[in-house]
Amino acid sequence: MRKILGTIAAVVFAGATLGAGYPGQVPAVPADQASKTNPVKPTADGIERAKKVYAVDCALCHGEDGSGKSDLASSMNLKMKDFREPDTLKKRTDGEIYYLIVNGAGTMPAEGTRAKTEDLWNLVVYLRGLSDPSVLPAEKKK
Ligand code: HEC
């Protein structure tokens, strides 16, 4: 009996930890949002716009290169992940990343309607491209 209870507790705990992502930092994403797929076909122009959004709204915390190293993050004592590491966003669905950007995540401010929906979906692809450039669309032929 003890063993069974222990197993149940372990499973519940693991579930809670997974669901919460990073307790106190990154909130859980509702399942119907997490399952959303990217409705936008990434284009070189779209990624270019996403890069501008990133430079203005994200780099101050996440770093220009996505490393998570920035003056603001260190002065706020934020524990940042490195977007250049493939593991960072590997388990995140596109829907989850989009949701966290739009709604914010703990200390991270919500992007809300500051940028166009299309640009924010491109931003999801841009973030993935920081660890895997092969997901980015080919440059436009000049
Ligand atoms: C005020 C600082 C701040 C700004 C600005 C900010 N973030 Fe964050 N962000 C954080 C913190 C803190 C976390 C939680 C720690 C982490 O995951 O690195 C986080 C987490 C995330 C995550 C979740 C990572 C994960 O899976 O746990 C994503 C995706 C993300 N940010 C993207 C962005 C994007 C895109 C922008 C710009 C639109 C942005 N952030 C702007 C501070 C910030």
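**Close-up views of a predicted helical protein**

View 1. Gly95 is a residue of helix H7. Helices (H or I, at least four residues) and strands (E, at least two) are DSSP runs, numbered from the N terminus. This is a predicted model, in which local features need pLDDT of at least 70 and side-chain atom pairs count only at pLDDT 80 or more, while totals for chains, interfaces and linings use all residues. Residues are numbered from 1 along each chain as its sequence is written, and side-chain values use heavy atoms, with hydrogens and water left out. Gly95 has a relative accessibility of 2% and counts as buried. Buried means under 20% relative accessible area, exposed means over 50%, and partly exposed lies in between (1.4 Å probe, protein chains only). Leaving aside neighbours within four places in sequence, Gly95 is in contact (heavy atoms within 4.5 Å) with Gln33, Ala34, Lys36 and Trp121. The C-alpha atoms of Gly95 and Thr37 are 5.8 Å apart in space, although the two residues are 58 apart in sequence.

**View 2. The whole chain.** The protein has eight helices and zero strands. Read from the N terminus on, its elements run α-α-α-α-α-α-α-α. Of the 142 residues in the protein, 34% are buried. Among contacts between residues at least 6 apart in sequence, 58% join residues at least 24 apart.

**View 3. The iron site.** The iron atom of the ligand has two protein donors, His62 (NE2) and Met108 (SD), lying 2.0 Å from it. Donors are N, O and S atoms within 2.8 Å of the metal (3.2 Å for Na, K and Ca); water is not among the atoms, so sites may look incomplete. The site of the iron atom is octahedral, with angles of 83 to 180 degrees among its six donor atoms. Six donors count as octahedral if opposite donors are over 155 degrees apart and all others between 65 and 115. Ideal angles for six octahedral donors are 90 or 180 degrees. His62 lies in helix H4 (residues 59–62) and Met108 in the loop between helix H7 (94–103) and helix H8 (117–129), so the pair ties together parts that are 46 residues apart in sequence. His62 is buried at 15% relative accessible area, whereas Met108 is partly exposed at 29%.

**View 4. The largest nonpolar core.** A nonpolar core is a set of buried Ala, Val, Leu, Ile, Met, Phe, Trp, Tyr and Cys residues joined through side-chain atoms within 4.5 Å. In soluble globular proteins, nonpolar side chains tend to be buried together. The largest core here has 21 residues, and those with the most contacts inside it are Tyr54, Ile101, Leu120, Leu123 and Leu127. Helix H3 (44–57), H7 and H8 each supply at least two residues of this core. H8 gives the largest share, seven residues. Leaving aside neighbours within four places in sequence, Leu127 is in contact with Tyr54, Phe83, Leu89, Ile97 and Ile101. Another core, of six residues, lies apart from it; among them are Val26, Ala34, Leu100 and Ala105.

**View 5. The aromatic pairs.** The structure holds two aromatic pairs. Rings of Phe, Tyr and Trp (its six-membered ring) pair if their centres lie within 6.5 Å; planes under 30 degrees apart count as stacked, over 60 as edge-to-face and the rest as tilted. Tyr54 and Tyr126 form a tilted pair, 5.6 Å centre to centre with 55 degrees between the planes. Tyr54 is in helix H3 and Tyr126 in helix H8, so this pair links parts of the chain 72 residues apart. Tyr54 is buried at 1% relative accessibility, and Tyr126 is buried at 11%. The pair of Tyr98 and Trp121 is stacked, because the ring centres are 4.0 Å apart and the planes lie at 0 degrees. Tyr98 in helix H7 and Trp121 in helix H8 are 23 residues apart. Tyr98 has a relative accessible area of 13% and is buried; Trp121 is buried at 3%.

View 6. Asp82 is found in the loop between helix H5 (71–75) and helix H6 (86–90). With a relative accessible area of 16%, Asp82 is buried. Leaving aside neighbours within four places in sequence, Asp82 is in contact with Gly66, Ser67 and Thr88. Cys58 is buried at 14% relative accessibility, and Cys61 is buried at 16%. A search of the whole structure finds zero disulfides (pairs of cysteine sulfur atoms within 2.5 Å).

Notes
Four donors count as tetrahedral if all angles lie between 85 and 135 degrees; four count as square planar and six as octahedral if opposite donors are over 155 degrees apart and all others between 65 and 115; anything else is irregular.
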